[in-house]
Amino acid sequence: MAAAGAGSGRVRRPGWMVVASKELAETLTSVRFAILVLLLVFAAAVPVYAASGAIRDAAEAASGEAALFLALFTIGADPVPSFVGLVAFIAPLLGIAFGFDAINGERAQGTLARLLSHPIYRDDLVNGKFVAGLAAIGIAVVGVMMIVAGVGIVRLGIIPSPGEVGRLVAWMALTILYIGVWLGVAMLASVLVARAATSALVAIGLWLALSLFGVLLAQIVAGVLDPGFNPADPEAALGHAQLEQFLSAVNPGSVYQQATLALLNPGVTAVVVPGFAQALQLSQQIPTELSLQQSLLIIWPHIVGLLLVMVACFVASYVVFLRQEVRA
Amino acid sequence: MPSENAGRVEPLVETIDLTKAYGSITAVDALTLRVLPGEIYGLLGPNGAGKTTTILMLLGLTTPTSGTARVLGLDPAHRALDVKRRVGYLPDAVGFYGRLTGRENLRYTADLNGLPRDEAEAVIDDLLARVGLAGAADRPTSGYSRGMLQRLGIADALVKDPAVLILDEPTTSIDPAGVVELLALIRRLVAERGVGVLLSSHLLGQVERLCDRVGIFWRGRLLAEGTVADLATQAGDPSLDLEAAYGRLVAAATEGRRDVAA
């Protein structure tokens with residue numbers, strides 16, 4: 001497999017793989033993982049139960065609708081939000097839960113110096129923990145989705161079409177990526193902040209700030225950057241709206257939600273807030289359905305954006321970690 | 001390596017003018033020392049003297065500001081992985097993963113060192129018995145006492161069958177009976193395996209009993225080095241014990257420093 005150890009003829013697994021398999025084994029048997037899976041199951045079961053009832057009630061009206069199976073995940077039945085909406089809300093929490101004590105936890109336990117005295121590189125530790133976290137998240141998300149889809153098939157009595165399955169798989173990959181962004185944020189916090197409780201708070205604070213005040217923040221920043229525009233002037237108003245949109249695009253949460261919308265609704269043909277001319281065009285457009293490929297094309301920038309944020313956090317955490325002293 | 005080294009025993013650990021500065025604070029100041037095979041070398045000094053910093057430089061876990069370090073002839077700053085394959089390290093206040101058992105913790109270490117599974121199991125069984133943890137091997141380490149963790153730490157350092165063992169304050173926070181046991185264990189290991197040991201401590205009595213040679217380390221500088229008898233001679237009275245010699249050498253250094261400052 002990998003290079004043999006110096007002169008000893010030992011077959012070595014790369015360091016990150018050793019770290020990842022230990023971390024994954026420890027994670028999967030942890031109370032933390034059990035709680036998060038329960039949370040996810042709850043987030044899945046309630047909306048799907050409510051949605052499937054609503055869909056059956058409206059079965060007559062809905063019978064002609066395309067992508068009926070996907071509606072199971074995307075519609076809510078008041079006051080229960082949709083499955084997708086709930087996942088969007090708790091996804092960051094999952095990422096944070098698996099990463100907030102990655103490095104400072106090792107420090108606090110007194111295992112960091114011992115671990116690094118064995119023949120692995122420091123980035124093996126970061127890489128291994130990241131891979132293990134992402135794998136644990138993947139297992140949880142895919143597992144819960146399978147259960148939900150199974151229950152949906154039984155309750156609705158509809159078999160999803162291959163196109164719908166494709167969309168769901170793509171949405172799962174997108175969700176894992178989005179959770180990965182928060183895993184990256186949390187790991188960066190665990191490198192930057194000495195105490196695990198503090199780094200958890202930092203990451204959760206960032207999550208709340210972005211998810212509760214994200215839109216507000218974008219409006220405020222846009223107001224600062226472009227003060228005193230005249231709302232009566234269409235040009236200026238459009239410019240301002242576009243600035244706001246650009247600013248909210250920095251927020252991974254809104255990027256994820258837009259991409260989710262496009263993936264799970266074949267009828268969505270654009271994910272930007274339209275300008276006046278585009279709005280006119282859209283209102284005159286004959287409703288069409290996009291293929292999965294076309295939907296993916298629309299959200300490609302979103303995917304790349306999320307990937308960039310994740311990689312940036314990840315790279316930042318190991319650049320900082322590499323320069324840190326082993327002793328706190 | 002200079003040619004004048006030819007014909008003498010190759011040291012396991014060697015530092016020449018090794019220096020580490022954090023900003024304006026010099027943690028280790030031009031340290032020059034050697035540890036030979038089969039020898040227990042004690043780095044004796046108060047907390048904050050720079051002992052741990054020195055050890056981290058020897059393992060390539062922090063880079064020296066100037067000077068050189070050689071461990072098994074390798075520069076740890078550039079060949080850290082090769083050094084870490086052959087050097088066992090017991091850190092100050094060593095920790096383990098509390099949810100894993102002692103055996104599982106050592107298995108992880110064996111994996112990190114690339115030991116094949118079957119070989120690892122044999123090595124782990126042997127080491128657990130040797131450090132007296134065979135009975136507790138399958139209990140989570142969260143239930144271990146400080147002394148048990150320390151002994152597991154020694155087993156952990158030995159998994160890779162090292163040529164050099166570096167022990168940072170190995171007896172801190174262990175009860176007296178545990179200390180006696182641990183020191184006997186270290187002696188036995190040196191006798192059986194011929195490893196060289198570099199040990200740091202601030203406990204005079206233990207260093208005196210255990211170490212072949214002692215270096216007195218104070219505020220980042222090595223004040224004196226040698227057997228306890230050598231140190232006593234350097235302190236001006238060959239009949240002194242280590243404690244008295246240490247006191248005199250440190251006092252002399254303090255005065256020296258005052259003279260320089262004046």
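Let me start with B:Asp161, which is partly exposed, with 15 other C-beta atoms within 10 Å. This is a predicted model, so that count, like everything else I mention, is computed from predicted coordinates. B:Asp161 sits in the loop between helix 5, residues 146-158, and strand 6, residues 164-168, of chain B. Its backbone has a positive phi of about 50 degrees, although the residue is not a glycine. As background, most residues other than glycine have a negative phi.

Chain B has another residue of this kind. B:Leu72 is not a glycine either, and its phi is positive at about 55 degrees. Where does B:Leu72 lie? It is in the loop between strand 4, residues 66-71, and helix 2 of chain B. Is B:Leu72 buried or exposed? It has 20 C-beta neighbours inside 10 Å, and therefore counts as buried.

Now the sheets of chain B. One is an open sheet of 3 strands, in the order 2-1-4, with antiparallel pairing. Strand 2, residues 25-35, and strand 4 stand at its edges; each has a single partner strand, so one side of each is left without a neighbour in the sheet. Ignoring direction, neighbouring strands of this sheet are turned by 20 degrees against each other on average.

Look next at strand 1 of chain B, residues 13-22. Strand 1 runs antiparallel to strand 4 of chain B, and 5 bridges join the two. Within chain B, B:Thr19 stands opposite B:Ser66, which is in strand 4. Helix 1 of chain B lies across strand 1, strand 2 and strand 4 of that chain. The direction of helix 1 is at about 115 degrees to strand 1 of chain B.

There is also an open sheet of 6 strands in chain B. What is the order of its strands? The order is 5-6-7-3-8-9, and the pairing is mixed. The edges here are strand 5, residues 87-90, and strand 9, residues 221-226; each of these has a single partner strand, so one side of each has no neighbour in the sheet. From one strand to the next, the twist averages 15 degrees.

Inside that order, strand 3, residues 40-44, and strand 8, residues 213-218, of chain B pair in the parallel sense over 4 bridges. B:Leu44 stands opposite B:Ile216 of strand 8 of chain B. Helix 5 of chain B packs on this sheet, where it touches strand 5 and strand 6 of chain B. Its direction makes about 165 degrees with that of strand 5.

On to chain A. It has 14 helices and 0 strands. Of its 328 residues, 38% count as buried. Taking the contacts in chain A with a separation of 6 or more, 79% are between residues 24 or more positions apart.

I have two helix pairs to show in chain A. Two packed helices are described by the angle between their axes and the distance between the axes.

The opening pair is helix 2, residues 31-57, with helix 8, residues 122-156, of chain A. They pack at an angle of about 25 degrees, and their axes are 10 Å apart. The two helices are therefore roughly parallel to each other. The crossing of helix 2 and helix 8 of chain A is right-handed. Residues making this contact include A:Phe33, A:Leu40 and A:Arg56 of helix 2, and A:Ala136, A:Val148 and A:Arg155 of helix 8. By type, the contact residues are 14 nonpolar, 2 polar and 2 charged.

The next pair is helix 10, residues 196-225, with helix 11, residues 234-248, of chain A. Here the angle is about 130 degrees and the axes are 9 Å apart. These helices are therefore oblique to each other. Helix 10 passes helix 11 of chain A in a right-handed crossing. Among the residues in contact are A:Gly214 and A:Leu225 of helix 10, and A:His240 and A:Glu244 of helix 11. The contact residues divide into 7 nonpolar, 4 polar and 1 charged.

Last, the two chains together. How many residues of chain B are in contact with chain A? There are 26, and they meet 21 residues of chain A. On the chain B side, helix 1 (51-58), helix 2 (80-86) and helix 3 (102-112) are the elements that give two or more residues. That side divides into 14 nonpolar, 6 polar and 6 charged residues.

Note on methods
Residues numbered from 1 in each chain as written. Chains lettered and ligands numbered in written order. Predicted model: local features only at pLDDT ≥ 70, side-chain atom pairs only at ≥ 80, totals over all residues. Axes fitted to C-alpha atoms, helices over the stretch in contact; angles between N-to-C directions. Parallel < 35°, antiparallel > 145°, perpendicular 65-115°, else oblique. Left-handed = near helix turned anticlockwise from the far one by under 90°. Contact = placed C-beta atoms within 7 Å. Nonpolar A, V, L, I, M, F, W, Y, C, P; charged D, E, K, R; others polar. Buried ≥ 20, exposed ≤ 12 C-beta atoms within 10 Å, placed from the backbone. Pairing = 2+ DSSP bridges.
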